[in-house]
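Here are some notes to read alongside the model.

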Amino acid sequence: MRSFHGSSVCFRLFTFLLVFSSLALAGKTPPPKISKGTREDIIHAFNEELVYIRATFPMGKTGLRLRDGNVSPTGPELQHLMALWGPAAKPGDRARISDVVIKEDHIRFEINGGPVKKQKWYQHIQVSGASTSAPIAPSDSSANARGSFVDLYFDKYVPEMTGPELKQLLRPVFDFDSKSPLDAYLETVSPQVKDAIKNHHVLVGMNHDMVIYAKGRAPKKVRERADEVEYEEWIYGVPPQDVDFVRFVGDEVVRVETMKVDGQKIVRIEKEVDLGEPTVAKKREERPANAPTLRRPGEEMPESDPATSSRTPVMGAPQPPTGPPSADPGPNWSSPPSPATR
């Protein structure tokens, strides 16, 4: 009797372990590979689709790489590509998915024609004559590709998925839901910047795109130089309204000056928002210690710092003396020397 009871307990335990192992294996079963029908559906649904951009795409043959929600390259590497080739698309821009290519372990989505200029099928056709041949539709050899691409990577192979699932995987780079460029751009910035843009307010530390979305394109721009640093000032408003002077060094706002209708002047130079990217503001070149200068020891030139200087001039032309002449044999401002004293 005891032997039968022990066998029953062992059988129940074995059955429990068998069921548990089956469930565990079922949970770890990898998804199947993408089917031929799903491939055709994805290419048909996403090709020529209009999207809003959520990441910066550089031109050239080095596009973006997306894996597990992380986009690369970023930081200095991306800044180098942007400086080298220029942008193909920036956050908030509208782009068209021009080609979808499904490889073994990734899917490539090209935008705006991709990084390589492609010819139409009829541009390969040539008409031959007695001694020469010419294409029926010559291509423009000077036309350069302006597009880019993103590669969406998976583990080992591209799995079976639905269209909404694929859109969610592409969310870091493409926005399929926004109704306007502003809506798409606001989804890519921090809450602080989003509130400032909605309130048409400029923060020190913003870039050009943020200021344009907040205030629009400046009706007047001024380029100047202070102590070997070039800066650009965007001017919004005309008297008798409030006038804003937004100063850029490179792609960064370094100073915001507001002239109120009542004559009050408000100046902000402290950084109010940090974009978390390496600044592209042009740094002031260091002068050698023995560089020639006309400054007196300890004298600072006016407007030596574009972030703190004002547009109000502080130096005027020398004025003739109004008091009695002194013993100092300085220049005579009142009248030119007579011929007898020359």
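**Notes on the predicted model**

1. Gly-86 follows helix H3 and has a positive phi, near 90°. Helices (H or I, at least four residues) and strands (E, at least two) are DSSP runs, numbered from the N terminus. The model is a predicted one, in which local features need pLDDT of at least 70 and side-chain atom pairs count only at pLDDT 80 or more, while totals for chains, interfaces and linings use all residues. Residues are numbered from 1 along each chain as its sequence is written, and side-chain values use heavy atoms, with hydrogens and water left out.

2. Helix H3 covers residues 75–85, and its buried residues are Leu-78, Leu-81 and Met-82. Here buried means under 20% relative accessible area, exposed over 50%, and partly exposed in between (1.4 Å probe, protein chains only). Down the axis of H3 the buried residues fall within an arc of 100°, so they line one face of the helix; the arc is that of the directions from the helix axis to the C-beta atoms. Pro-76, Glu-77, His-80, Ala-83 and Leu-84 are exposed on the face of H3 turned away from its buried side. The cover over the buried residues of H3 includes strand S2 (57–58) and S5, where contact means heavy atoms within 4.5 Å.

3. Two cis peptide bonds deserve a look. One joins Ser-72 and Pro-73, with omega about 0°; Pro-73 sits in the loop between strand S4 (70–72) and H3. Another runs from Pro-239 to Pro-240, with omega near 10°, and Pro-240 is in the loop between strand S13 (229–236) and strand S14 (243–249).

4. Which phi values are positive at residues other than glycine? Asp-68 has a phi of about 55°, and His-200 has one of about 60°. Asp-68 lies in the loop between S3 and S4 and is exposed, at 66% relative accessible area. His-200 is in the loop between helix H6 (191–198) and helix H7 (208–215); His-200 also counts as exposed, at 53% relative accessibility.

5. On the overall figures, the protein has seven helices and 16 strands. Of its 342 residues, 31% are buried. Among contacts with a separation of 6 or more, 61% are between residues 24 or more positions apart. The accessible surface comes to about 23200 Å², and 55% of this belongs to carbon and sulfur atoms; accessible areas come from the Shrake-Rupley method with a 1.4 Å probe, and for residues only the protein chains shown count as cover.

6. The largest nonpolar core has 29 residues, and those with the most contacts inside it are Phe-57, Phe-109, Leu-166, Leu-170, Val-173 and Phe-174. A nonpolar core is a set of buried Ala, Val, Leu, Ile, Met, Phe, Trp, Tyr and Cys residues joined through side-chain atoms within 4.5 Å. Elements that each supply at least two residues of this core include helix H2 (36–46), strand S1 (50–53), strand S7 (106–111) and strand S10 (148–153). S6 gives the largest share, four residues. Leaving aside residues up to four places away in sequence, Val-173 touches Tyr-52, Ile-53, Arg-54, Ala-55, Phe-57, Leu-64, Leu-66, Val-71 and Val-150. A second, separate core of 21 residues includes Tyr-185, Leu-203, Met-206 and Met-210.

7. There are seven aromatic pairs in the structure. Rings of Phe, Tyr and Trp (its six-membered ring) pair if their centres lie within 6.5 Å; planes under 30 degrees apart count as stacked, over 60 as edge-to-face and the rest as tilted. Phe-46 and Phe-176 form an edge-to-face pair, because their ring centres are 5.8 Å apart and their planes at 90°. Phe-46 lies in helix H2 and Phe-176 in the loop between strand S11 (174–175) and helix H5 (181–186), so the pair ties together parts 130 residues apart in sequence. Phe-46 is buried at 4% relative accessible area, and Phe-176 counts as buried at 16%.

8. The pair of Phe-109 and Phe-174 has ring centres 6.5 Å apart and planes at 80°, so this pair is also edge-to-face. Phe-109 is in strand S7 and Phe-174 in strand S11, so parts 65 residues apart in sequence are tied together. Phe-109 is buried, with a relative accessible area of 0%, and Phe-174 is buried with a value of 0%. Ring pairs link Phe-46, Phe-57, Phe-109, Phe-174 and Phe-176 into a cluster.
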